[in-house]
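Biologist: Hi! Could you walk me through this one while I have it open?
Modeller: Happy to, ask away.

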Amino acid sequence: MPRLTTLAKLFAADYWIVLDDVQFTRRDYQHRARLAGLDDPARQRWLTIPTHLPQGRPTLIRDALIDDADLAHRRTAGMLRQHYGASPHWPALARSLAPVLDAFDTGRTATVAETSTRVLLDLVGWQGHVLTSSALPARPGRSQRLADLAAATGARAYLCGTGGMTYLDQTLFAAQDIAVALFRPPTTGIWSSSRRISALWALAALGPQTVAARLQLWRS
């Protein structure tokens, strides 16, 4: 259930490349999200998918397994309903979120994470394309890899957050005629907590159409 800033960044892009062949990181947003109270976004609670790493710390994201998928499924469904069941938009959201809960049957954390992001993008009408890094050619090295992945899509620009700007080697992008564009969403209104809480809060509080309109307005 990506954060609103993440959803906005993807909404502004034509391609989302899922990094499925990099190391899984515990205590990160790869397997958890902050759910905010419907009537009080400052009231937050972690939703975490308990995850087992078969190869230990070197385990790739795509190989991470859900620890007791049935229990995680039931707990996730209950927490989502508890936080957002009172929303007038909940019946439609619940139907849209059904594939996310079904994804627990795969037993893979990455599948649940990717499915949840796809569902939220569909709710706001994103028209882009999803690719996986393991299917694209890329050289090693943090910046080199990202530059190569962007080039594989024919991109002319790579959207980079403020955190990425601190380490990204922009010369490697320039060498492939790709600009590095700073992505900096608003910080007021529904965006005030957008770097922390799942975008699901905004979708439940305002409705998908309103959130989509705000994303489109900001993008333009």
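Modeller: Let me begin with threonine 6, which is partly exposed, with a relative accessible area of 28%. Keep in mind that this is a predicted model.

Biologist: Okay, where does threonine 6 lie?

Modeller: Threonine 6 is in helix α1, residues 4-11.

Biologist: And how far apart are the C-alpha atoms of threonine 6 and leucine 215?

Modeller: Those C-alpha atoms are separated by 12 Å, while the two residues are 209 residues apart along the chain.

Biologist: Let's switch to rings. How many aromatic pairs does the structure hold?

Modeller: There are two aromatic pairs. One of them is formed by tyrosine 29 and tryptophan 46, with 5.9 Å from centre to centre and 50 degrees between the planes, and that pair is tilted.

Biologist: Why does the pair tie together parts that are apart in sequence?

Modeller: Tyrosine 29 belongs to the loop between β1 (15-18) and β2 (32-37), whereas tryptophan 46 belongs to strand β3 (residues 40-48), so the pair links parts that are 17 residues apart in sequence.

Biologist: What is the relative accessible area of tyrosine 29, and of tryptophan 46?

Modeller: Tyrosine 29 has 29% and is partly exposed. Tryptophan 46 has 27% and is partly exposed too.

Biologist: What lies over the face of tryptophan 46?

Modeller: Arginine 32 does, at 3.8 Å from the ring centre. There is also arginine 142, which lies over the face of tyrosine 167, at 3.8 Å from that ring centre.

Biologist: Is arginine 27 buried or exposed?

Modeller: Exposed: arginine 27 has a relative accessible area of 67%. Aspartate 177 is worth a look as well, with a positive phi of about 60 degrees despite not being a glycine. You will find aspartate 177 in the loop between α6 (170-174) and β8 (179-182), and at 57% relative accessibility this aspartate counts as exposed.

Biologist: On to helix packing. How do α3 and α4 cross?

Modeller: The axes of helix α3 (residues 90-102) and helix α4 (residues 109-123) come within 8 Å and cross at roughly 150 degrees. Helices α3 and α4 are therefore roughly antiparallel to each other, and their crossing is right-handed.

Biologist: Which residues in α3 meet α4?

Modeller: On the α3 side they are Leu93, Ser96, Leu97, Pro99 and Val100, and they meet Val112, Thr115, Ser116, Val119, Leu120 and Leu123 in α4.

Biologist: And what about α2 and α3, at what angle do they pack?

Modeller: Helix α2 (residues 69-84) packs with α3 at an angle of about 160 degrees, and the axes are 12 Å apart. So α2 and α3 are roughly antiparallel to each other, with a right-handed crossing. In that contact, α2 provides His73, Thr76, Ala77, Leu80, Arg81 and Tyr84, and α3 provides Trp90, Leu97 and Leu101.

Biologist: While we're in helix α2, is histidine 83 buried or exposed?

Modeller: Histidine 83, which has its place in helix α2, is buried, with a relative accessible area of 10%. Neighbours within four places in sequence aside, histidine 83 is in contact with Leu35, Ala36, Gly37, Leu38 and Arg45.

Biologist: New topic: where is the place of alanine 64?

Modeller: Alanine 64 sits in the loop between β4 (51-52) and β5 (65-66). Its relative accessible area is 0%, and alanine 64 is buried.

Biologist: What is alanine 64 in contact with?

Modeller: If you leave aside neighbours within four places in sequence, its contacts are Phe24, Thr51, His52, Leu53, Pro54, Thr59, Gly107, Arg108 and Thr109.

Biologist: Last one: where is the place of alanine 135?

Modeller: Alanine 135 is in the loop between β6 (129-132) and α5 (142-152), and at 61% relative accessibility counts as exposed. From alanine 135 to glycine 189, C-alpha to C-alpha, there are 39 Å in space and 54 residues in sequence.

Technical notes: Residues numbered from 1 in each chain as written. Predicted model: local features only at pLDDT ≥ 70, side-chain atom pairs only at ≥ 80, totals over all residues. Heavy atoms only, no water. Phe/Tyr/Trp six-rings, centres within 6.5 Å; stacked < 30°, edge-to-face > 60°. Helix = DSSP H or I, 4+ residues; strand = E, 2+ residues; numbered from the N terminus. Buried < 20%, exposed > 50% of the residue type's maximum accessible area, 1.4 Å probe, protein only. Lys NZ or Arg CZ within 6 Å of the ring centre and 35° of its normal. Axes fitted to C-alpha atoms, helices over the stretch in contact; angles between N-to-C directions. Parallel < 35°, antiparallel > 145°, perpendicular 65-115°, else oblique. Left-handed = near helix turned anticlockwise from the far one by under 90°. Contact = heavy atoms within 4.5 Å.
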